[in-house]
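This report walks through one protein chain, from its overall layout to a few of its residues. Please keep the sequence and the structure in view while reading.

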Amino acid sequence: MNYVLLSTIGAIGMGMLAMVIRMKAAKRPASAKKIILPPIFMSTGALMFIFPVFRVHPMQIVEALVVGMLFSILLIKTSKFEIKNQDVYLVRSKAFIYILFGLLAVRVVAKLVLSSSIDVGELSGMFWILAFGMIVPWRIAMYLQYKKLHAELKATSNTRLI
């Protein structure tokens, strides 16, 4: 079995897992920790660049980051919070699932097309950079939105005590 096919299957599996986790997360109150930890955990993937096979050229880094940041706009637009039952919850968005499937499809097609001209290891590094460039701005936007609502919630609960 070749590496492109195997990594594509892995990407599809991870995408499906992300969707399941996101759907379950909307049922429980959000917290700063739940928002901040995923990019921190994902950052350990940068250790792949220790190995020469995964290293990418500076222009490829820029390209992957720009594409990731552009993709993050879609995720930011579909991630909203609301105050419910004296807690902050992530609002379920029907568009989010379609966007995630769309991003996954774009990634798979791009990987299949680019694998003929870019080494598989290098391509893996580029897609990790793309994903990291997508998740970090998205989670920063989520965190700022969460903090705003959390402060609002605290302010309303403090005024009730007075």
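How many helices and strands does the secondary structure of the chain come to? The count is 5 helices and 2 strands. The model is predicted, and every value below is computed from it.

## Overall layout

Going along the sequence, the elements follow one another as α-α-α-β-β-α-α. The C-alpha trace spans about 65 × 30 × 20 Å along its principal axes.

The chain has 162 residues, and 33% of them count as buried. Contacts between residues at least 6 apart in sequence can also be sorted by separation: 84% of them join residues at least 24 apart.

## Surface and charge

The accessible surface of the chain is about 10100 Å². Carbon and sulfur atoms account for 73% of that surface.

The chain carries 19 positive and 6 negative charges. The mean position of the positive charges lies 11 Å from the mean position of the negative ones.

## The hairpin

Strand β1 covers residues 80-84 and strand β2 covers residues 87-91. In which sense do β1 and β2 pair? Their pairing is antiparallel and runs over 5 bridges. Two of the facing positions can be named: K84 stands opposite D87 in β2, and F81 has L90 of β2 as its bridge partner. In general, side chains in a regular strand alternate between the two faces of the sheet.

The two strands form a hairpin with 2 residues between them.

## The turn residues

N85 has a phi near 55 degrees, which is a positive value in a residue other than glycine. Q86 also has a positive phi, of about 60 degrees, and is likewise not a glycine.

Is N85 buried or exposed? With a relative accessible area of 64%, N85 is exposed, because the cut-off for exposed is over 50%. Q86 has a relative accessible area of 41%, so Q86 falls between the limits of 20% and 50% and is partly exposed. The C-alpha atom of Q86 is separated by 9.5 Å from that of P29, a residue 57 positions away along the chain.

## An aromatic pair between strand and helix

How many aromatic pairs does the count come to? There are 3 aromatic pairs. In one of them, the rings of F81 and Y146 have their centres 6.1 Å apart and their planes at 65 degrees; the pair is edge-to-face because planes over 60 degrees apart count as such. This pair links distant parts of the chain, since F81 belongs to strand β1 and Y146 to helix α5 (residues 120-161), with 65 residues separating them.

Both partners fall under the 20% limit for buried residues. F81 is buried, with a relative accessible area of 9%. Y146 is buried as well, at 7% relative accessibility.

W128 and F132 both lie in helix α5, 4 residues apart, which is about one turn of the helix. Together with F49, these two residues form one aromatic cluster.

Methods
Residues are numbered from 1 along each chain as its sequence is written. This is a predicted model: local features need pLDDT of at least 70, side-chain atom pairs count only at pLDDT 80 or more; totals for chains, interfaces and linings use all residues. Side-chain values use heavy atoms; hydrogens and water are left out. Buried means under 20% relative accessible area, exposed over 50%, partly exposed in between (1.4 Å probe, protein chains only). Two strands pair if DSSP finds at least two bridges between them. Contact means heavy atoms within 4.5 Å. Accessible areas come from the Shrake-Rupley method with a 1.4 Å probe; for residues, only the protein chains shown count as cover. Lys and Arg count as positive and Asp and Glu as negative; His and the chain ends are not counted. The place of a charge is taken as NZ of Lys, CZ of Arg, CG of Asp or CD of Glu. Rings of Phe, Tyr and Trp (its six-membered ring) pair if their centres lie within 6.5 Å; planes under 30 degrees apart count as stacked, over 60 as edge-to-face and the rest as tilted.
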